[in-house]
Amino acid sequence: MPIGPIIRAMRHNRMRFALIIFEIALTLAIVTNAVNMILHERGLMQQKSGFDDENLIAISYQPFGAEFREESYTEGSIQADMRAIRAIPGVKAVSVTRFLPWQGGGSSGTWKTEGYGDKFQAQLYAARGEIFPTLGLKVAQGRGFVENDTPAETNVPTRVTIISRALAKKLWGDANPIGRVITSGDGESPRTVIGIIDEFYNPYSWNIGEFVLFTPGRAYDTGGARFLLRTEPGAVKSVVSQLEPRLLAVNPHRVFQTQTIAEIKDRFFSAGTLVIRAMTGIIIVLVFITALGIVGITSLAVSERTKQIGTRRALGATKGDILKHFLAENWIVTTAGLILGIFATYGLNFMLVSQLTDTKMPWYLVVIGVVLLWLNGLVATIPPALRAASVSPAIATRSV
Amino acid sequence: MLLYNVKIALKSLRRNPVLTALLISAIALGICVSTTFIALRHVFEKDPLPGRSGQVFNVRLDNWDPQRAYNAEDPNSLPSMISYRDMRALMKSDIPTRQTGTFRASYFIHPDPKAGRPYAEDIRLVFTDFFTMFAVPFQYGGPWDKAADSKPEQVIVIDHATNEKLFGGTNSVGKTVRMEDRNYKVVGVIAPWNPPVRFYDLTQGLGPRVEPIYMPFNFTEPLEIYTNGNSDGWKGFDGDGHAAYINSESVWIQFWAELPTPEKQQAYREFVNNYVRDQKKLGRFQRPLHTEVTSLPDLMNELQIVPPAIRSLSIVSMLFLVVCSLNLVGLLLGKFLARVPEVSVRRALGASRWQVFWQHVVECELVGIAGGIIGMLLSIGMLSMIAKFAPNPEVVRLDPEMVLVSLFLSLGAGLLAGIYPSWRVCSVAPAMQLKVQ
């Protein structure tokens, strides 16, 4: 099929085809960048914490009763609270810790160890009770905390720590981490690694989401404490409703705040959820609109050229020839639009990446976008092209 | 003439209601999406202190570990807050017209036992300059005086909601509130105040709201108050307790100075640098000299208070509007060209090219405005849905400024879509058309 006459015919309608080319280019740029953003946010959301997120509850209290200023009273009260929590049906395990998953931060410090040249940063959480069964983690190597890991006096630092596999890998590669010593950045308070947990991820403003040191310790003071607890699957609601009354019964001179980890996680990802929903909506509407635009402009082209089509048919062109003409015309326009669109895609991506901190555009997204939009353009041309093909040759003989 | 054009345009739009509906809904869709996300970005990006924010400066000093930057991955990074001792020293300067150090803590409020159980509340410790510098609106009373700052006196400023809760919304100036084990006299009640960003403390991003209760900063030492906001440290403490904490290198105070003129800004930067140089002689600040005196708008930019995702959304939504109006070009072209015979008659009867052009542009703008209004109404709905994701939902809405922007966008979209078809239809040679007919 000769391409020359098609191009020559198109020259008469430069503006119209330029429009389609622009539209397709912009659509490709928007759709691929939108999909890229969706994939990026999804990737963050699907990052596993390693914990039993769905069945975790955090409840913290702040005391206003004067009796809490006595350390011994607070200590006894914590014990009584833990007993009361364990007695609630559906509670599997409970721990006292300031660690709160998915809140986008926590506490961290700078550390040093032999065998790793630089100082390094990692999250640090003291915990008491069954912290690992509570989170739903297993101590994969070495041992868990035992009662006498916690020193008796308040101001004596702990001597042992359990760290994440990712941190052990970063520090010592594949060598055995058990028995190694980690100190604070200025070389004080040495802690021996006694165990490794395989999974841990808690997003942090610095890139230390997978690096953690757990230490056995009080993790509370006279100003209050937070309990982290894990329930049987599906028991979260009933446990939440019983928590405050039960703890108020232990001591009423305090106020409580109860949150489920699922809620905290939802809040942490609210911007991401918004992006995913908004972008999905935009993509769907945009593809639809572009298809409509192509149908509209091609229809216009057909109705404007009814007479010429009739003449061609009268001169012996088959229906197939006419159909092919319009499809080829569309093919040229769509391809040109997509080529321009590839540049626009990277241009927009550069704009988003340089001003903002989104991710780079993977090439396969562009390929998929090109193929889909190309098909979209083809399908959108078929109805008007069919109409063109059905123009009767008799039209040519009629004077307008 | 404009009215006449509007009349013709309305007539023409009525002639093909399906096509008109299609045109209007395409613009409405584009305006709805773009207005929603531009407004969302605007909510968090708009100037918190219109006209004055460029005169309010945040101070940061690099007092970090000589061997490691604050953010280990960025050697130029410095702590986002300053230490208590550095704040004390900076407060001695008389260059700023107003200045305040500030941090957040948590206190127990003991209402009248008949009124309710004690509750924990976020309080903010500030110097009295805080209220004027950050344009805090008062309903009753006002800030405490300078004498109350230095002594410090047991005075507080409470917000509207706390006044409702404790005093039933009456003028409570002069009454007392029991916090922990002391009574504080209310000197001011803040009018309802809900800035979308807690701009005087940007260390926790978009989440937190402004605090309900404010008390004199100088209680920090005597009452041994610890922050419940962010606190970063790199060095151990010398000794125990609160005294060691406030003498440490830990940073937990946001420090602000109002510097109305470039001369003052210059002089103040000089002062801050000289302070750090002096401290270097005493063995502190062992990293290279690095201080930042940053204006409020620059700081909001630097800390990326608006999530990048929301910025991206606003850019993408604008492009979406462009595609929507490009789509209309095809439809309008078809519509207008079908009218060429009619236009030719008008031209032959003496209408000028411009008159025909304007008539069609007016028609496109009518579509733009109609679509714009529908789109704006839709975007109000969208924003209220999005508000559910925001930490303080009631600020996520369309303000008058954004309504204007949205109208402007609809006019622009109408023009973008209509200018080429209008030009095509007015440049037709009437003689040719008339001959054929």
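**View 1. Contact of helices α1(B) and α12(B).** From α1(B), Asn5(B), Val6(B), Ile8(B), Ala9(B), Ser12(B) and Leu13(B) meet Trp358(B), Gln359(B), Val362(B), Glu363(B) and Leu366(B) of α12(B); contact requires C-beta atoms, placed from the backbone, within 7 Å. Seven of these residues are nonpolar, three polar and one charged (Ala, Val, Leu, Ile, Met, Phe, Trp, Tyr, Cys and Pro count as nonpolar, Asp, Glu, Lys and Arg as charged, the others, Gly among them, as polar). The axes of α1 (residues 2-15) and α12 (residues 353-387) of chain B come within 9 Å and cross at roughly 65° (lines fitted to C-alpha atoms over the stretch in contact, with angles from 0 to 180 degrees between N-to-C directions). Helices are DSSP runs of H or I, at least four residues, and strands runs of E, at least two, numbered from the N terminus. The model is predicted: local features need pLDDT of at least 70 and side-chain atom pairs 80 or more, while totals for chains, interfaces and linings use all residues. Residues are numbered from 1 along each chain as its sequence is written, and chains are lettered from A and ligands numbered from 1 in the order written.

**View 2. The side of chain A that touches chain B.** In this interface, 45 residues of chain A contact 40 residues of chain B. α8(A) gives the most to the chain A side, with 17 residues. That side divides into 25 nonpolar, 14 polar and six charged residues.

**View 3. Surroundings of Ile30(A).** Leaving aside neighbours within four places in sequence, Ile30(A) is in contact with Leu286(A), Val316(B), Leu319(B) and Phe320(B).

Terms used. Contact = placed C-beta atoms within 7 Å.
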